[in-house]
Amino acid sequence: MKLTTIARVLLLVGLVALLEVLCLTGVIDHITMQPPHRMALDLVRLLASGALNGAIAKTLGNAAAAFLLSLAIGVVAAVLLHRFRALREMLDPLFATYYAIPIFAFYPLLIILFGLGDAPQIFIGAMLGIVAVIVNTLIGLDRVPTVLMKTALVNGLGPIETAWRVTLPSAAPYILTGAKLAVAYSFIGIIGAEFIMSRGGMGYEISYAYTNFDNATMYPLIILILVVSTAVNTLLARWEKRIMIRRGLQ
């Protein structure tokens, strides 16, 4: 195990231990937060009871849909923008300021367009993740070695086949970086949308539990979101690292 990994684990354990002490000694009131060990027990109880399985499945399913949508559209858009330089230069200022735009302000419009179902929430999650995918994919495409492009040209590959066989595989580490960001943004979009206007999902349950001082439900759900998003990002990071090692970049 690397020294940085050990240091990261020790830091996390230290923070959890500090929080445990603060809660048990009453520095943090039990009405505000229960000790971490109690959160873990509540999470096990919650999952074992199955009471919120529907809400958990709804949120995770919508987040997955938003992530896949942002990844697919983002990669395709990046390939097109990389090919049409003038269009890319026109949109670059938008990409630079995109996350200053309050995406949730469009939620009423999305409800008008898509109704009160899951579609508006998925659309918001995808909107938040898509630019991260586009920007990072463009960075990867800019760094594709010239020799690979010449090889594709010599072999008579068309634009679609060149992208599929040459440029996208070469840009894979950068695409995975965008994918890691898209995972986080997709969860933010889905959970935030469930907070604003939804009758189900983990975001709604967290909001309801907060309003009713139900820490035994609120904190376990928050921990579950952190665990799932961290696990997915860790898998993508390992995949990215394997590609980098294979290419001798690490």
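Reader: What share of the contacts in the chain with a separation of 6 or more comes from residues 24 or more positions apart?

Author: In this predicted model, such residues account for 73% of those contacts. A contact here means heavy atoms within 4.5 Å.

Reader: How do you know what confidence the predictor has in the chain?

Author: The pLDDT scale runs from 0 to 100, and the mean for the chain is 88. Of the residues, 98% reach 70 or more. Confidence is highest in helix α3 (residues 53-83), at a mean of 94, and lowest in helix α5 (residues 107-114), at 82.

Reader: Which elements make up the chain, helices or strands?

Author: The chain has 11 helices and zero strands. Read along the sequence, the pattern is α-α-α-α-α-α-α-α-α-α-α. The C-alpha trace spans about 70 × 50 × 30 Å along its principal axes.

Reader: What makes Arg-38 and Asp-42 a salt bridge?

Author: The cut-off is 4 Å between a side-chain nitrogen of Lys or Arg and a carboxyl oxygen of Asp or Glu. The closest N and O atoms of Arg-38 and Asp-42 are 3.4 Å apart, so the pair falls within the cut-off of 4 Å. Both residues lie in helix α2 (residues 36-49). Because they are four residues apart there, about one helical turn separates them.

Reader: Why is Asp-42 called buried, and what is Arg-38 called?

Author: Buried means under 20% relative accessible area. Asp-42 has 3%, so it counts as buried. Arg-38 has 39% and is therefore partly exposed, the class between 20% and 50%. Salt bridges that share partners join Arg-38, Asp-42 and Arg-45 into one network.

Reader: How do you know that Asp-118 and Lys-58 form a salt bridge?

Author: Their N to O distance is 2.3 Å, and the cut-off is 4 Å, so the pair qualifies. The two residues are 60 residues apart. Asp-118 sits in the loop between α5 and α6 (119-142), while Lys-58 is in helix α3. Asp-118, at 30% relative accessibility, is partly exposed, and Lys-58, at 23%, is partly exposed as well.

Reader: Which parts of the chain does the pair Lys-180 and Glu-240 tie together?

Author: Lys-180 lies in helix α9 (residues 172-196) and Glu-240 in helix α11 (residues 215-246), so the pair ties together parts 60 residues apart in sequence. The closest N and O atoms of Lys-180 and Glu-240 are 2.7 Å apart, again within the cut-off of 4 Å. Glu-240 is buried, at 15% relative accessibility, whereas Lys-180 is partly exposed, at 22%.

Reader: How many salt bridges does the rule give?

Author: The count comes to six.

Reader: What makes up the nonpolar patch on the surface?

Author: The patch is formed by Leu-94, Ile-101, Phe-106, Leu-109, Ile-112, Leu-113, Phe-114 and Phe-123. Together they have about 740 Å² of accessible area. Helix α5 gives the most, with four residues.

Reader: Why is Leu-113 called exposed?

Author: Exposed means over 50% relative accessible area. Leu-113 has 57%, so it counts as exposed. Its place is in helix α5.

How values were computed:
Residues numbered from 1 in each chain as written. Predicted model: local features only at pLDDT ≥ 70, side-chain atom pairs only at ≥ 80, totals over all residues. Heavy atoms only, no water. Buried < 20%, exposed > 50% of the residue type's maximum accessible area, 1.4 Å probe, protein only. Patch = residues over 30% accessible without salt bridge, like charges linked within 9 Å, V, L, I, M, F, W, Y side chains within 5 Å. Areas by Shrake-Rupley, 256 points an atom, 1.4 Å probe, with all protein chains shown as cover.
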